[in-house]
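Welcome! Here is a short briefing for anyone meeting this structure for the first time. Take a look at the model, and then we will walk through it topic by topic.

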Amino acid sequence: MIIPGSLEHFSGVVSHVVAPAFLLGAVASFISIQISRMDKVIDRVRNINSNITHSLNEDLPRLRRRLKLLHQSLILSVSSGITAGLLIISAFVAVLFSFQHVWLFSALFMTSLLLLCGSLIVFAWEVRIGLNEYDLQNHN
């Protein structure tokens with residue numbers, strides 16, 4: 001039997017937070033990709049605004065929609081990362097105060113995954129509208 005607050009209990013908690021730690025790493029990598037895409041869209045909007053032509057101006061609503069989707073996806077990803085971080089912290093707090101953390105651990109892990117899934121869905125919408133014929137043309 002493992003005694004709450006013992007080294008064995010602490011070791012068990014460390015093994016339980018490995019999956020959320022990997023989730024947190026994956027979320028951080030995904031956020032990096034989202035920010036990179038957002039920067040490219042913002043640069044494109046700035047380029048269009050500085051070189052206003054009729055054909056470029058027509059692309060602004062689509063680019064604004066992409067920015068809105070990327071922003072929503074980023075907010076969901078950051079929320080997922082925060083939830084995963086809270087999960088890890090709560091697991092260690094549970095060890096320190098010797099209380100069961102299974103329900104809280106499960107709820108936070110599921111919440112983090114749901115937020116990440118929501119972010120991926122919104123990101124997929126952005127990717128879907130990310131390319132159009134204008135993007136596929138060679139513009140120098």
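In helix α2, the buried residues are Pro-20, Leu-23, Val-27, Phe-30, Ile-31, Gln-34, Met-38, Val-41, Arg-44, Val-45 and Ile-48. Here buried means under 20% relative accessible area, exposed means over 50%, and partly exposed is in between (1.4 Å probe, protein chains only). This is a predicted model, in which local features need pLDDT of at least 70 and side-chain atom pairs count only at pLDDT 80 or more, while totals for chains, interfaces and linings use all residues. Residues are numbered from 1 along each chain as its sequence is written, and side-chain values use heavy atoms, with hydrogens and water left out.

**The overall picture**

- The protein chain has six helices and zero strands; helices (H or I, at least four residues) and strands (E, at least two) are DSSP runs, numbered from the N terminus.
- Read from the N terminus, the order of elements is α-α-α-α-α-α.
- The protein chain has 140 residues, and 34% of them count as buried.
- Take the contacts (heavy atoms within 4.5 Å) between residues at least 6 apart in sequence: 80% of these join residues at least 24 apart.

- The expected span of a helix is 1.5 Å times one less than its number of residues.
- Helix α5, with 29 residues, reaches 41 Å from its first C-alpha to its last, close to the expected 42 Å.
- Buried residues of α5 are Phe-105, Leu-108, Ser-112, Leu-116, Ser-119, Val-122, Phe-123, Glu-126 and Gly-130.

**An aromatic pair**

- The structure holds one aromatic pair; rings of Phe, Tyr and Trp (its six-membered ring) pair if their centres lie within 6.5 Å, and planes under 30 degrees apart count as stacked, over 60 as edge-to-face and the rest as tilted.
- Phe-30 and Phe-123 make this edge-to-face pair, with 5.0 Å centre to centre and 80 degrees between the planes.
- Phe-30 lies in α2 (residues 18-50) and Phe-123 in α5 (residues 102-130), so the pair ties together parts that are 93 residues apart in sequence.
- Phe-30 and Phe-123 are both buried.

**Salt bridges around Glu-126**

- The count comes to two salt bridges, each a side-chain nitrogen of Lys or Arg within 4 Å of a carboxyl oxygen of Asp or Glu.
- Glu-126 forms a salt bridge with Arg-37, with the closest N and O atoms 2.8 Å apart.
- Because Glu-126 lies in α5 and Arg-37 in α2, this pair ties together parts that are 89 residues apart in sequence.
- Glu-126 also meets Arg-66 in a salt bridge, at 2.6 Å from N to O.
- Arg-66 lies in α4 and Glu-126 in α5, so here the parts tied together are 60 residues apart in sequence.
- Glu-126 is buried at 0% relative accessibility and Arg-66 is buried at 9%, whereas Arg-37 is partly exposed at 25%.

**Contacts between helices**

- Gln-34 in α2 is buried, with a relative accessible area of 1%.
- Not counting residues up to four places away in sequence, Gln-34 touches Leu-70, Ser-73, Leu-74, Ser-77, Ser-119 and Phe-123.
- Ser-80 in α4 counts as buried, at 0% relative accessibility.
- Leaving aside neighbours within four places in sequence, Ser-80 is in contact with Val-27, Ser-112, Leu-115 and Leu-116.
- Leu-115 lies in α5 and is partly exposed, at 23% relative accessibility.
- Beyond its neighbours within four places in sequence, Leu-115 is in contact with Leu-76, Ser-79, Ser-80 and Thr-83.

**The surface**

- The protein chain exposes about 8900 Å², of which carbon and sulfur atoms supply 69%; accessible areas come from the Shrake-Rupley method with a 1.4 Å probe, and for residues only the protein chains shown count as cover.
- Val-78, Ile-82, Leu-86, Ile-89, Val-93, Leu-96, Phe-97 and Phe-99 make a nonpolar surface patch of about 790 Å².
- Patches are made of residues with over 30% relative accessible area and no salt bridge, with like charges joined within 9 Å and nonpolar side chains (Val, Leu, Ile, Met, Phe, Trp, Tyr) within 5 Å.
- Ile-89, in α4 (residues 60-97), is exposed, with a relative accessible area of 53%.
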